[in-house]
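Hi,

Here is the structure I promised to pass on.

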Amino acid sequence: MRWDKALNLLIAIFLCLNIVLAWINYEKLVVTYQVSDDRLDTITSILKKNNIKVDAKLPRVFSPKSSIWLEPVQITSAIRDGVVSNVFGEDRSLITITKDAYDVKYGRNALVYSKQEEELKFSKERISYHHKGIENEGNALSEKEALKLARRFVENLEMENYFQDVKIESRSESYGWDITYYEVYKGLPVFDSYIKLRVSEGGVFDAEVRCLVITDKVGQLKPLYPIDEVLFGLQELNLDQTERIVESVELGYRLDNIEGMHILAEEAVPMYKIQMKGLTTPIFVNAYTNTYEEILFISQY
């Protein structure tokens with residue numbers, strides 16, 4: 001009996017040790033990490049001394065994230081014909097069709113539909129639209145009105161099956177508004193799967209669609225760098241501006257290899273998108289490695 005009791009005690013101790021070890025591993029891989037107010041105050045003070053002002057709501061809570069795999073949706077003839085009919089109308093007598101020269105961005109010769117001052121361009125995985133007649137019609141347009149015009153245009157694209165869960169971002173510009181629809185995966189925007197629209201008083205005058213679908217393949221959970229360590233790297237950027245203002249910081253997914261995705265699936269990793277005043281293109285930072293993308297080609301106003 002004493003041996004049985006000792007054995008039961010050993011088993012109980014062994015089980016408790018396993019539970020403790022499992023909890024430690026759980027803490028390392030799954031439990032969220034929260035940045036304190038003191039750490040945020042410290043990094044914003046450091047940046048301010050280096051002439052960088054943070055005028056953005058910063059994320060505070062961080063949990064490990066997996067990478068995801070994305071593959072492009074092919075723009076079929078059925079999708080193309082539907083968009084042309086919805087945007088230009090059923091009468092095609094005034095429409096001309098040409099082939100654009102090879103473009104690295106589109107990966108192949110694009111098919112171009114033109115009607116008076118409007119143009120629709122289709123490639124294997126992208127759609128673009130431009131209306132020369134209304135791009136300079138002024139910016140006396142409220143955000144609510146701009147979102148309404150954008151939604152009407154998006155409905156004409158008939159891509160609801162691919163953009164079922166979206167995050168909508170709006171940004172005031174000299175000509176009106178920039179409206180962007182991002183596909184969402186588990187609450188985070190996918191920065192490479194989007195509908196981007198420029199809206200003036202006359203309506204949507206410029207748009208680009210890039211649709212990627214999320215496959216069943218996901219990577220292992222990995223910890224993310226917290227925002228204070230990420231922002232610290234801004235000091236190293238060589239941006240020719242007397243005053244640098246961080247307008248927004250957002251965590252989402254972005255392709256790890258942004259070049260040449262036209263057929264095969266590619267891995268997308270968690271990335272911070274940092275929008276700075278005066279830059280037409282956001283700065284992206286890999287949240288796994290805290291490495292900044294090359295910014296030599298970031299254009300400034």
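**A pocket and a helix beside it**

By class, six nonpolar, four polar and two charged residues make up the lining of the second largest pocket. Keep in mind that this is a predicted model.

The space in that second largest pocket comes to about 190 Å³. If you want to find it on screen, pick out the residues that line it: V87, E118, Y129, H131, I134, L149, R152, F153, N156, G202, G203 and V204.

Which elements give at least two residues each to that lining? They are β8 (126-131), α4 (143-157) and β12 (203-210). The largest share comes from α4, with four residues.

That made me look at α4 itself. The helix has 15 residues and runs 21 Å from its first C-alpha to its last, close to the 21 Å expected at 1.5 Å a residue.

Next, which residues of α4 are buried? They are A146, A150, F153, V154 and L157. These cover an arc of only 100° around the axis, so they sit on the same side of α4. As for what covers the buried residues of α4, the list includes α3 (77-88), β8, β10 (176-185), β11 (188-200) and β12.

Cheers

Terms used:
Residues are numbered from 1 along each chain as its sequence is written. This is a predicted model: local features need pLDDT of at least 70, side-chain atom pairs count only at pLDDT 80 or more; totals for chains, interfaces and linings use all residues. Side-chain values use heavy atoms; hydrogens and water are left out. On a 1 Å grid over the protein atoms alone, a cavity is a set of points where a 1.4 Å probe fits but cannot get out, and a pocket is an open set with protein on both sides within 12 Å along at least five of seven lines; lining residues have an atom within 4 Å of a point. Grid points are joined across faces, edges and corners, and a volume is the space filled by probe spheres set on the points. Ala, Val, Leu, Ile, Met, Phe, Trp, Tyr, Cys and Pro count as nonpolar, Asp, Glu, Lys and Arg as charged, and the others, Gly among them, as polar. The expected span of a helix is 1.5 Å times one less than its number of residues. Buried means under 20% relative accessible area, exposed over 50%, partly exposed in between (1.4 Å probe, protein chains only). The arc is that of the directions from the helix axis to the C-beta atoms. Contact means heavy atoms within 4.5 Å.
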